[in-house]
Every structure is written in C-alpha cells, then in structure tokens.
Amino acid sequence: MKIIFIDGLVETLSYFSRRMSLYFEKNGYEVWFWDMHKPLESREQFESMSDRQDMLLVTFNFIGLSGESQFEYDNEISIWDAYGISRVCIMVDHPMYYENRLRGNLQHCRLFCVDRDHCKYIEEYFPPLKASFLPLGGTKLAEKEELNDRKIDVLFAGNYVTLEGLLKHIENLEPDMKEYLLKLANVLIAHPDMTMEEVAKKCLVEDFDDVTTGEIKDFMHNMIFVDLYVRSYFRRKIICELAQSGIKIHVIGKDWDKAGCGRPENIVCLGVMDSLGCLKTMQRAKISLNIMPWFKNGAHDRIYNSLLQGCITVTDSSTYLDENEIEKYAVIYDLEHTATLADRIKEILDNPESYRDMVDRGYEYAEKNTWEERAGYLIECLKL
C-alpha cells in the first residue's frame, strides 16, 4: 500500500506528517508526499502512478479535501473520488472549525479527533458521522543537554493573539451577539473545566426558550471566537504572572511583545520558529511550560515534546491525561489557581535535580506517545 501525505500548507501539520511517515516506511509501506508548492509537478507524478486503488491519503484538518483547485478532477469531483482513494482526516482542532467540511460528502473518509469530547460532538451534531480518538503525538530527537547545563529557565512555545485583535473579528456582528459571545467567554474563564459545547448548550438552553439541537449546532461556529479568546486570555495571564513575579521566561511565537505585561524585561521573545527549532530550543530549557488549548479530554504535543526533550514539564491537565496519571510525569497546575504557579516554578528552579526521577519517568512515558506510535495505532484502527 502507498500512503499519501500532503506537504507545504501548514508547517506543523507537515512536520506531523513527516514523523508519521517514518513508521510507515519502517514497516514496509511506500510513502509519497504531494507538495502543494509544486502543484503541477505533484499532479503529474500522481497521474503517472499505478495501482491507485491501493492508496491511502492521510491528511490533517481537511487539507486536500476542501475543494482546492490542484486536487480537482475535471472541475467536478476530487481526484480522490475519481480514483477511489480512501482517506483519513485527523482534526487537530475542535470540529466546530470544520462545520462546512463535516456537512459535505465524507463517505470514503475516516475521521479522527485529538480529544474524546470532539468525537462525541461529531456523533451528537453530525450523525451518522463518527470519529475515532487519536491523541496528538510527540517527537524524540537524538541528543539533549543535561538538566543543570541548560541556560533557559522557563520556556513557552506558542503564539500570542491580542485580545483587541480578536475583538475585530466580531466588530461587524450585532451588539447583542458580541455581548453574548463575551458573556460565554467569561463563563469559560470562570469555569475553565467546561468544554466549549457545554457552555454554549448550557447558556443557550437557559437564555432562550425551546432551543433545538440544530440551533445549538448552528450557533457553535460563533464559538470559534470564544475558543481563541479564552486561549489568549489564559496564555497572557499565566505568562505575565510569571514575569511579574520575577521569573525570566523565554517565549517562542508571534506578538508576545504586544502582551502588555507589567515587567516585560522578564519576557525574552525568541520569535517564530519551525517545529524542529522549537524542539531544539526545548532541549536547552530546564522547565517547559504548557498551557493547554481547550482540549478537556485529550492531550497536546507540547506535553510529549517537552518530556521527550528531557524538560521538567509543567502543564494543566485534562480528563484523558488524568486517566493516564500525568502527575507522575509532569508538574500539574490548575487554571483556576494560577496565582500559585510562580512559587511552584521558583521552587523547581531552586533545585531542578530533585525532579530527575520525574524527568526520567516522563521520557519513558512519552516514548510511547510519539507520532510514530500514533501511526501504528492508526494502522490498527484501519486494519490495514
């Protein structure tokens, strides 16, 4: 069987694909990458291949399945449909981001979500579609520095989006809708254990008579703003609290110079890096901080990457991570009580070697949670 991946649109997703491809190649599968930066060349190579019925497309976030012109066949159907190629799509964000895709023809596409609640969401709001659970994975590099030799005390890898910038995305909405979305965001900030769909459903049922499942489903697209808003809120809150307490924290990603923290001298902006650059920088950090996106029943690759680079990993948790006893491998904090996080990090930095056993256990645990392992599990699910 030939496994097809798509390269060139989103760097992180291309990197995930490259890591998964290692498993397939080691296990006798032929792997080929469609390069979106070379559409004509990729199309010619694809058309010249034989045995197209023995192919599987593995893609993320519906890349290649969203009507892109380079994947069209006679301007009517996709090349995947034309040649009867089976598809796997892994959604690394909440399904509400892909409402239009989920309403389309997915007869020959197997869906995977990175959060178990996302799977339930699809079953509830997009029947008869179903999705399987496939957590995000980590990447192990060959070498890493000794803990005491690392020059970066605390590292966070992730962009910052200004709240003011996010508000521009809803400036054309009716005032009542803008006010309502901010209300939902504040409910989540006060109750960060709740999911996006729980808050939307709870508030809509309480505030409007006889609201239907279909109306809740249609409303969920508005929750994309809420999702981005609360993510940025907590990222800024935590990073600025650490800086305010005197902890120097290195940040990878865009726009941290716009966060408006009270002690900006304690925030070292490293700029945007690709996936490999992030991993290599993690290898120079004593503590790698994770602030989960709103995955309340899943994991994030930052956790596994941090563990695999030998960092002391500090993260909030989820139902899925709790079930996997993440507290054995990482230092856990609570989004409702972030004020105590700075003292905990200072205590770690005073004696990082006391966390050596946790780091070693975490490394062994994360070795079972790499993208190569995820590829193996994918094959099991598909029974290939």
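In what order do the six strands of the open sheet stand, and is their pairing parallel or antiparallel? The order is β2-β1-β3-β6-β7-β8, and the pairing is parallel. Two strands are taken to pair if DSSP finds at least two bridges between them. Strands (E, at least two residues) and helices (H or I, at least four) are DSSP runs, numbered from the N terminus.

This is a predicted model, in which local features need pLDDT of at least 70 and side-chain atom pairs count only at pLDDT 80 or more, while totals for chains, interfaces and linings use all residues. Residues are numbered from 1 along each chain as its sequence is written, and side-chain values use heavy atoms, with hydrogens and water left out.

## The sheet and its helices

The edges of the sheet are held by β2 (30-35) and β8 (131-133); each has a single partner strand, so one side of each lacks a neighbour in the sheet. On average, neighbouring strands are turned by 25° against each other, direction ignored. Angles run from 0 to 180 degrees between N-to-C directions, with axes fitted to C-alpha atoms, for helices over the stretch in contact. Strand β7 (residues 109-113) is joined to β8 by three bridges, and leucine 111 stands opposite alanine 131 in β8.

Helix α1 (residues 11-26) packs on the sheet and touches β1 (2-7), β2, β3 (55-60) and β6 (86-91); its direction makes about 165° with that of β1. Helix α2 (residues 39-48) also packs on the sheet, touching β1, β2 and β3, and its direction makes about 145° with that of β2. Contact here means heavy atoms within 4.5 Å.

## Cysteines

A disulfide is defined as a pair of cysteine sulfur atoms within 2.5 Å, and by this rule the count comes to one. Cysteine 240 and cysteine 261 form it, with their sulfur atoms 1.8 Å apart. The torsion about their S-S bond is about -60°, so the disulfide is left-handed. Cysteine 240 lies in helix α10 (residues 223-244) and cysteine 261 in the loop between β10 (249-252) and β11 (267-269), so the pair ties together parts that are 21 residues apart in sequence.

| Residue | Relative accessible area |
|---|---|
| Cysteine 89 | 0%, buried |
| Cysteine 113 | 0%, buried |
| Cysteine 240 | 9%, buried |
| Cysteine 261 | 12%, buried |

The closest cysteine sulfur to that of cysteine 89 is in cysteine 109, at 5.3 Å, too far for a bond. For cysteine 113 the closest is in cysteine 119, at 4.3 Å, again too far for a bond.

## Asparagine 297

Asparagine 297 is placed in the loop between β12 (285-290) and α12 (301-308), and is buried at a relative accessible area of 6%. Its side chain makes a polar contact with the side chain of aspartate 117 (3.2 Å). A polar contact is a pair of N or O atoms within 3.5 Å; within protein, one must be able to donate a hydrogen and the other to accept it, and residues adjacent in sequence count only if both atoms are side-chain atoms. A polar atom of the asparagine 297 side chain also lies 3.4 Å from the backbone nitrogen of tyrosine 320. Not counting residues up to four places away in sequence, asparagine 297 touches several residues, including Asp115, Phe133 and Ser318.

Note on methods:
Buried < 20%, exposed > 50% of the residue type's maximum accessible area, 1.4 Å probe, protein only.
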